[in-house]
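Dear colleague,

My findings follow directly after it.

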Amino acid sequence: MDINPLVMILIIFAINIVYVTFLTIRMILTLKGYRYIAAGVSIAETIVYIVGLGLVLDNLDQIQNLIAYAIGFGTGVIVGSKIEEKMALGYITVNVITSEAGEMLPRELREKGYGVTDWLANGRDGDRLSMQILTPRKMELGLYKTIQEIDPKAFIITYEPKTIHGGFWVKTVRKGNLFK
């Protein structure tokens with residue numbers, strides 16, 4: 001069966017976007033501890049990969065198919081990471097250092113349901129308030145917005161904790177009461 005070369009390019013391109021999207025999501029699910037879901041995604045990923053690679057290998061004399069495969073791969077990385085961004089799995093820890101907001105910022109964050117631990121710190125230019133905040137990733141942008149509304153000059157560092165154990169906040173998350 002002869003397929004129009006343009007249609008073949010589009011098929012290979014689309015298949016590789018799907019494949020690499022699955023690959024990216026599977027890797028992220030694995031890293032976040034969702035092993036069984038990742039295993040299910042890997043089944044679909046493998047099927048799509050074999051079909052796409054087979055089309056390219058059957059038509060190696062057509063350089064445009066190889067180029068479509070490579071461009072589809074790169075596009076799939078972008079699509080997969082955008083999907084993961086929307087899924088927003090897991091939690092983040094945000095460290096905030098402020099000199100302007102005093103006790104207003106931790107109080108406002110606690111009222112919004114964030115777990116905040118704060119302490120006085122010393123900076124190069126004087127006293128500071130330092131805070132450590134734990135939140136689901138899907139609440140990350142709202143947290144930044146609240147911080148910047150109260151103190152636009154706040155120093156913010158974010159990282160993903162590997163393990164979370166203990167504290168009132170973990171109990172609240174497990175009961176499903178956070179941000180309700």
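D118 is partly exposed, with a relative accessible area of 24%; the class lies between buried (under 20%) and exposed (over 50%), computed with a 1.4 Å probe and protein chains only. Its side chain meets that of R110 in a salt bridge with an N to O distance of 2.5 Å. The term denotes a side-chain nitrogen of Lys or Arg within 4 Å of a carboxyl oxygen of Asp or Glu. R110 likewise counts as partly exposed, at 37% relative accessibility.

Please note that this is a predicted model, in which local features need pLDDT of at least 70 and side-chain atom pairs count only at pLDDT 80 or more, while totals for chains, interfaces and linings use all residues. Residues are numbered from 1 along each chain as its sequence is written, and side-chain values use heavy atoms, with hydrogens and water left out.

The whole structure holds six salt bridges. Another of them joins R137 and E84, whose closest N and O atoms are 2.6 Å apart. R137 lies in the loop between β3 (126-136) and α5 (140-150), whereas E84 belongs to helix α3, so the pair ties together parts 53 residues apart in sequence. Helices (H or I, at least four residues) and strands (E, at least two) are DSSP runs numbered from the N terminus. R137 counts as buried at 13% relative accessibility, and E84 counts as buried at 11%.

R26 and E45 also form a salt bridge, at 2.5 Å from N to O. This pair links distant parts of the chain, R26 being in helix α1 and E45 in helix α2 (residues 35-58), 19 residues apart. E45 is buried, with a relative accessible area of 6%.

Helix α1 (residues 5-31) packs against α3 at an angle of about 35°, with the axes 6 Å apart. Axes are lines fitted to C-alpha atoms, for helices over the stretch in contact, and angles run from 0 to 180 degrees between N-to-C directions. The contact of α1 with α3 has 19 nonpolar, 10 polar and one charged residues; Ala, Val, Leu, Ile, Met, Phe, Trp, Tyr, Cys and Pro count as nonpolar, Asp, Glu, Lys and Arg as charged, and the others, Gly among them, as polar.

Finally, I67 is located in helix α3 (residues 63-87) and counts as partly exposed at 46% relative accessibility.

Yours sincerely
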